[in-house]
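Dear colleague,

I am passing on the structure we spoke about, and below it you will find my notes on what turned up. Please read them with the coordinates open beside you.

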Amino acid sequence: MDGAVCNSLGNGAFYNCASLTSANFPTCTIIGNSAFSESLTTTHLIVANGVERLSYYAYGDNDTITTVTLPVTLKQIDSGIFRWCDSLTTIIYEGTVEQWKQIKKSYDWNYKDWHNKFDIAYVQCSDGIVNIK
């Protein structure tokens, strides 16, 4: 699904499409609720530059994802975007620590389930790290 043109990827757009190997929509600014939940088989998810908002559970329940790279264009992260991505160990943000701090984040954006945060201690930014525990 690389390179398709869209402004907003709708809720559940690829929900439960069990074998997607990538999800790159460089012209999308919003990834809708559950857009890629239970769908991806990749280990390294790279969210396209241009994406500004990741909606609720956008990439939830994708057990193969170990690393996520988030673009500098990101402005908002909603609730549980990686909920039940049990293999996730690394979050990389392409912007600076200060830019990361400016992103509007839901209080439970980094929860692995309904009650527990990921074991990930930090987000790696271009100029340092941010503690997320």
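At 11% relative accessibility, D78 counts as buried, where buried means under 20% relative accessible area, exposed over 50%, and partly exposed in between (1.4 Å probe, protein chains only). Please bear in mind that this is a predicted model, in which local features need pLDDT of at least 70 and side-chain atom pairs count only at pLDDT 80 or more, while totals for chains, interfaces and linings use all residues. Residues are numbered from 1 along each chain as its sequence is written, and side-chain values use heavy atoms, with hydrogens and water left out.

The partner of D78 is R53, with which it forms a salt bridge whose closest N and O atoms are 2.7 Å apart; the term stands for a side-chain nitrogen of Lys or Arg within 4 Å of a carboxyl oxygen of Asp or Glu. R53 sits in strand β4 and D78 in the loop between β6 and β7, 25 residues apart, and R53 is partly exposed, with a relative accessible area of 31%. Helices (H or I, at least four residues) and strands (E, at least two) are DSSP runs, numbered from the N terminus.

By this rule there are three salt bridges. In another of them, K75 pairs with E52 at 3.9 Å between the closest N and O atoms, linking the loop between β5 and β6 (76-77) to the loop between β3 (44-46) and β4 (53-54). K75 counts as exposed at 52% relative accessibility, whereas E52, at 31%, counts as partly exposed. R83 and D108 form a salt bridge as well, with their closest N and O atoms 3.1 Å apart; R83 lies in the loop between β6 and β7 and D108 in the loop between β8 (104-105) and β9, so the pair ties together parts that are 25 residues apart in sequence. Both R83 and D108 are buried.

Neighbours within four places in sequence aside, Y59 is in contact with residues including I31, F36, L54 and F82, contact meaning heavy atoms within 4.5 Å.

For the chain overall, the secondary structure comes to one helix and 10 strands, and 45% of the 133 residues count as buried.
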